[in-house]
Amino acid sequence: MIKLDLSRAFYQEKMASYDSRIKEIHEMITKKTGLGNDFLGWTDYVNSLDDNLVNKIQTLANKVRKECDVLVVIGIGGSYLGARAAIDAINGLYKKDKLEIIYLGNTLSPYYVSQVMEYLKDKKLAVNVVSKSGTTIEPAIAFRFVKPLVEKVWKERANEFIFATTDKQKGALKPLADNKGYTTFVIPDDVGGRYSVITPVGLFPMACAGLDIKSFINGVKHAMVTYSKENNIAYQYALSRYLHFINNKNVEFFINYEPHLNMINEWLKQLFGESEGKQNQGLLPASLCFTTDLHSMGQFCQEGHDVFFETTIRLQNYQNDIAIPAMENDADNLNYLVNKKISYVNDIAIDSTIKAHCLGNRSNIVIELDKLDEYNLGELFYFFMISCACSAYLLNVNPFNQPGVEVYKKEMKDLLKK
Ligand code: PA5
């Protein structure tokens, strides 16, 4: 379950005057009449997700888990960030599973690509190449590297371990997959990359990583019902963001206190940055991981240029916890913490930081998650996606296109062809 705490956020008194605008936007989303309405398929996608597809995803994932050492997930932007965010959030950052997940196709770094290729040599690997357009250069190049490795290790069985997630007909990947006989998963026409984590784009890698995708889907279904009501916390969050924006708080810091949630911040940066950052509009989404970044950005947050507000994602319960041990002779004077859980110190750090930043006249939004599991994660993704749609509509921009991204893609292709 998600709770929104706006008690330390600015501009709450102005929220009621937007009731009719929120009502209008709610209709634009639920009746699919707003800008970019042909990309609102994610709002009710889980209703059309049939058991056959979920079972197919699970069965193939079980096979990968049983027979492989590594799954390489190839994709960039919306084609990998959601899956990676979910997998890190549930499994943590250090390998706890037999199957390792490696991400490729999200960079052109020669160092990274070479190092991964060296690492993959002789591994029993499967690959899931994910590209909605099927034309993006980073994943396409990565697939060129990985495909021969899969073929080398699995020989005539190679096709069993190559999975393509793409548009049902557009782009280069679908014909290639059909031609070779790879298993394909479809990204629906009406779901854009950064809203696709609830489709096979997210579901297949998550299932391979051992996540409970049925529970995740149930969390999305629960969210669909919860946020289909006009008066919901996702819209309140969107409105609060908007009020910060029009009052010159132009930067939103997404803050967590858990390094394994950093990819959620990356996913959020894409979601909000690409959905709102157009026509000279949009909050600049930035991210911080406290307490780590309190020792680098804490000074700025407390006393720096007053252009931002903070959105903290806070866990009510922790997946793992550990008690603080004693130190002989109390050398660091911290023995009063002996046997206290580290979560106790983390919680106090969160309360103290929010209090300190409020004393520095910083606005704070807090999003509380009672537990970090697949079900809640499903709700969290949906919460942010519907907030983002509402937020972009408040700015009168299309939340679902990304004309600016296409410009760099085109320029790069033109130059490469010369
Ligand atoms: O949100 C988006 O649509 C984009 O950021 C894409 O996710 C990204 O460009 C990757 O595109 P594709 O999946 O077509 O390779």
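Predicted model: local features only at pLDDT ≥ 70, side-chain atom pairs only at ≥ 80, totals over all residues.

Residues are numbered from 1 along each chain as its sequence is written, and side-chain values use heavy atoms, with hydrogens and water left out. The ligand sits in the largest pocket.

**The ligand and its neighbours**

- There are 14 residues around the ligand, and Ser79, Ser131, Ser133, Thr136 and Gln270 come nearest; a residue is near a molecule if one of its heavy atoms lies within 4 Å of it.
- Sorted by class, this shell holds nine polar residues, four charged ones and one nonpolar one. Here Ala, Val, Leu, Ile, Met, Phe, Trp, Tyr, Cys and Pro count as nonpolar, Asp, Glu, Lys and Arg as charged, and the others, Gly among them, as polar.
- Thr136 has a polar side-chain atom 2.5 Å from an oxygen atom of the ligand, a polar contact (a pair of N or O atoms within 3.5 Å).
- For Arg194, an N or O atom of the side chain is 3.2 Å from an oxygen atom of the ligand.
- Lys409 places a polar side-chain atom 3.3 Å from an oxygen atom of the ligand.
- On its own the ligand has 380 Å² of accessible area, and the protein covers 92% of that; such areas come from the Shrake-Rupley method with a 1.4 Å probe.

- On a 1 Å grid over the protein atoms alone, a pocket is an open set of points with protein on both sides within 12 Å along at least five of seven lines, a cavity is a set where a 1.4 Å probe fits but cannot get out, and lining residues have an atom within 4 Å of a point.
- A molecule sits in a pocket if more than half of its atoms lie within 2 Å of the grid points of that pocket.
- The largest pocket contains about 750 Å³ of space, where a volume is the space filled by probe spheres set on the points, and points are joined across faces, edges and corners.
- Its lining has 29 residues, and Ser133, Thr136, Gln402, Glu406 and Lys409 lie nearest the centre.
- Strand S4 (125-131) and the helices H5 (137-154), H10 (262-276) and H14 (403-417) are the elements that give two or more residues to this lining; helices (H or I, at least four residues) and strands (E, at least two) are DSSP runs, numbered from the N terminus.
- Which element gives the most to the lining of the largest pocket? H14 does, with six residues.
- The second largest pocket has about 550 Å³ of space.
- Around the second largest pocket are 20 lining residues, with Glu258, Pro259, His260, Gln319 and Asn320 nearest its centre.

**The cavity**

- Searching the whole structure turns up one cavity of 30 Å³ or more.
- The residues lining the largest cavity are Tyr257, Glu258, Leu261, Ile313, Arg314, Leu315, Tyr318, Asn346 and Ile350.
- S9 supplies the largest share of this lining, three residues.

**Two backbone details**

- Most residues other than glycine have a negative phi, and most peptide bonds are trans.
- Phe290 and Thr291 are joined by a cis peptide bond, with omega about 5°; Thr291 is in the loop between strand S8 (284-289) and helix H11 (298-303).
- Lys32 has a positive phi, near 55°, and is a residue other than glycine; Lys32 lies in the loop between helix H1 (19-30) and helix H2 (51-67).

Conventions
Polar contact = N/O pair within 3.5 Å; in protein donor to acceptor, adjacent residues only side chain to side chain.
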